Amino acid sequence: MKVALVGATGLVGSEMLKVLEERNFPVTELIPAASEKSIGKKITFKGQQIPVVSLQEAVERKPDIAIFSAGGSVSLQWAPRFAAYGCRVVDNSSAWRMDPDKKLIVPEVNGHQLQSTDYIIANPNCSTIQMVMVLGPLHQRYKVRRVVISTYQSVTGTGARAVAQLMAERKGESTEKIYPHPIDLNCIPQCDVFLDNGYTKEEMKLTHETVKILSDPEIKVTATAVRIPVIGGHSESVNITFEHDFDLEEVKTTLSASPGVKVLDNPSKFEYPMPLLSKGKDDVFVGRIRRDFTLDNTLNLWIVADNLRKGAATNAIQIAELLVKKFLM
């Protein structure tokens, strides 16, 4: 199994290498690729030093699967070139997510939608992935009608330079400003750029991607996305209105039985999901599960996941695993 990893030297790319190794993905030849400035650098995979190559060389070596984490413009230009000769592409950027001809996949939720004709598959936004992991099983049981979400997002979602800004500010050092304001000891109510409707791109991703993944255009989603000085995971406060009423214990049982979801909900012992607990883990943690007493059929809960793991790298590798199982074995 030849596997190309495009964007191998980035923050998410490095995590993907780790996940490929941890999950023992059947790699017989790894082809790390990146931008011109990274060509010739070496990455470590399973104890071996492997040189980074250009995207053109990666295409010419004809991998079976290419996993992209190098930005939307790179994906738009290069993913079709890989796919043209039969390579399966899993893309972590936003480039293909809302393309009506491309699948947007969270394997535990809608992995069954993958077909043999799918050659470019989109990996959803990190915040969307962890939310639909919880919404998916509840939608099947009670039918989600409306979701109000506020996110509390780690600086790792912006990349290595944002982490550097946070740590430099914490030390009182001058640094490159990735955010328009200081992030240490602060919260910035802006993730990505603002759109004409007053929402950010990140907020609208949550709206549109959730509807696409759950295949239900009647679901209404409204979001506020906030950047916080945390390294390790995204948190979400989620208010869900269902078409049908629910029993709280049944909700917890349903979520506990859902693959990849871990219920941590014991407030009397101060047990609830936090970014510190999620860091380095693949599970999506959910807690603070309680009925909204102001609206019928409405639930409040708190969702936390490592945005570099299940929110990006792990979900992408799980898609690749599904492709191998269904079409490449």
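A search of the whole structure finds zero disulfides. The model is a predicted one. The count of salt bridges comes to 22, and five residues, Glu 15, Lys 18, Glu 22, Asp 282 and Arg 309, are linked in a network of such bridges. Two further topics are helix α5, which has a kink of about 35 degrees, and the antiparallel pairing of strands β3 and β4.

**Cysteines**

- The cysteine sulfur closest to that of Cys 191 belongs to Cys 126, and at 8.7 Å it is too far away for a bond.
- A disulfide would require the two sulfur atoms to lie within 2.5 Å, so the 8.7 Å between Cys 191 and Cys 126 rules this pair out.
- Cys 191 is also buried, with a relative accessibility of 1%.
- Cys 87 is likewise buried, and its relative accessible area is 0%.

**Salt bridges**

- Glu 15 and Arg 309 form a salt bridge in which the closest N and O atoms are 3.3 Å apart.
- This pair links distant parts of the chain, since Glu 15 belongs to helix α1 (residues 11–22) and Arg 309 to helix α10 (residues 309–328), with 294 residues separating them.
- Glu 15 counts as buried at 12% relative accessibility, and Arg 309 counts as buried at 3%.
- Both Glu 15 and Arg 309 belong to the network that also includes Lys 18, Glu 22 and Asp 282.
- A salt bridge also joins Arg 97 to Glu 209, with 3.3 Å between the closest N and O atoms.
- Arg 97 is in the loop between β6 (88–91) and β7 (103–104), while Glu 209 is in helix α7 (residues 201–214), so this pair ties together parts that are 112 residues apart in sequence.
- Arg 97 is buried at 5% relative accessibility, and Glu 209 is buried with a relative accessible area of 2%.
- Lys 252 and Asp 265 form a salt bridge whose closest N and O atoms are 3.2 Å apart.
- Here Lys 252 lies in helix α8 (residues 248–256) and Asp 265 in the loop between β12 (261–263) and α9 (275–278), the two being 13 residues apart.
- Asp 265 counts as buried, at 19% relative accessibility.

**Helix α5**

- Helix α5 covers residues 126–142, a total of 17 residues.
- From its first C-alpha to its last, α5 reaches 24 Å, close to the 24 Å expected at 1.5 Å a residue.
- The kink of about 35 degrees in α5 is centred on Val 132.
- Of the 17 residues of α5, 15 are buried, so the helix is largely enclosed by the rest of the structure.
- Lys 143 follows α5 and has a positive phi, near 65 degrees.

- Strand β3 (residues 42–45) pairs with strand β4 (residues 48–51) in the antiparallel sense, over four bridges.
- Within this pairing, Thr 44 has Gln 49 in β4 as its bridge partner.
- The covered face of β3 carries Ile 43 and Phe 45, whereas Lys 42 and Thr 44 are on the uncovered face.
- In a regular strand, side chains alternate between the two faces of the sheet.
- Two residues lie between the strands of the hairpin, and Lys 46 there takes a positive phi near 50 degrees.

Terms used
Residues numbered from 1 in each chain as written. Predicted model: local features only at pLDDT ≥ 70, side-chain atom pairs only at ≥ 80, totals over all residues. Heavy atoms only, no water. Expected span 1.5 Å × (residues − 1). Bend = angle between axes of the 7 residues up to and from the residue. Buried < 20%, exposed > 50% of the residue type's maximum accessible area, 1.4 Å probe, protein only. Pairing = 2+ DSSP bridges. Salt bridge = Lys/Arg side-chain N within 4 Å of Asp/Glu carboxyl O.
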